[in-house]
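Dear colleague,

Please find the structure below, handed over for your use. My findings follow it.

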Amino acid sequence: MYRRCLNGGTNSSVCDADIIILSVPFDKIESTIEGIGKSAFENKIVVSLINPMLRFPKEKYFLPDRPAEGSATLAVKKMLPESAKLCTGFNNVASGKWMELDEELDYSVCVCGDDKEAKKVVMDLVSSVSKLKPLDAGPLEVAGVIESITPLVISLAMNNGLKDVGVYFK
């Protein structure tokens, strides 16, 4: 039902995609959606891996910075057309690992969403990437918890000399 094509693209190529992955800073998401045009998101599966956070690099810690809606995902939901099927996923995979396409990825990936079919498609997408393991984290209301893990993981890495820290549930 959904084409498998793991390529990045331009904002204009979103119109042809079956699944749209949003990976921009939280303060840029509204202008990104407006720039693409809300109609491009109609009846599409949309995956948010946005983790809003406060950065304190000199002190070596990061904190979650949840918007009023409780999560970036729930804030994004208000920006999208009602027909968009929003999920979270890939939030806690170390960003540096995405640059090393030949490296094995063996993280756990929490996926949440309210549309069961869309969540299954996203979980299948997760399974198709290296050794990533998708885990059903429940409805969109859980997104704030998932988004809050990333600042903790970054803080752990900074304070302990770790690289490419991720989440593993075994």
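In which segment is Asp-164 found? Asp-164 is found in the segment after helix 4, where helices (H or I, at least four residues) and strands (E, at least two) are DSSP runs numbered from the N terminus. Asp-164 is not a glycine, yet its phi is positive, at about 55°.

The model is predicted, so local features need pLDDT of at least 70 and side-chain atom pairs count only at pLDDT 80 or more, while totals for chains, interfaces and linings use all residues. Residues are numbered from 1 along each chain as its sequence is written, and side-chain values use heavy atoms, with hydrogens and water left out.

Lys-60 is found in the loop between strand 3 (53-56) and strand 4 (61-64). With a relative accessibility of 40%, Lys-60 counts as partly exposed (buried means under 20% relative accessible area, exposed over 50%, partly exposed in between, with a 1.4 Å probe and protein chains only).

Helix 2 is mostly covered, with six of its eight residues buried: Ala-72, Thr-73, Leu-74, Ala-75, Val-76 and Met-79. Among the elements covering these buried residues are strand 1, helix 1, strand 2 (45-48), strand 5 (85-88) and helix 4.

The axes of helix 1 and helix 2 come within 11 Å and cross at roughly 15° (axes are lines fitted to C-alpha atoms, for helices over the stretch in contact, and angles run from 0 to 180 degrees between N-to-C directions). The two helices are therefore roughly parallel to each other, a term for angles under 35 degrees. Their contact (heavy atoms within 4.5 Å) is made by Phe-26, Ile-29, Glu-30 and Ile-33 of helix 1 and by Ala-72, Ala-75, Val-76 and Met-79 of helix 2.

Yours sincerely

Methods: Parallel < 35°, antiparallel > 145°, perpendicular 65-115°, else oblique.
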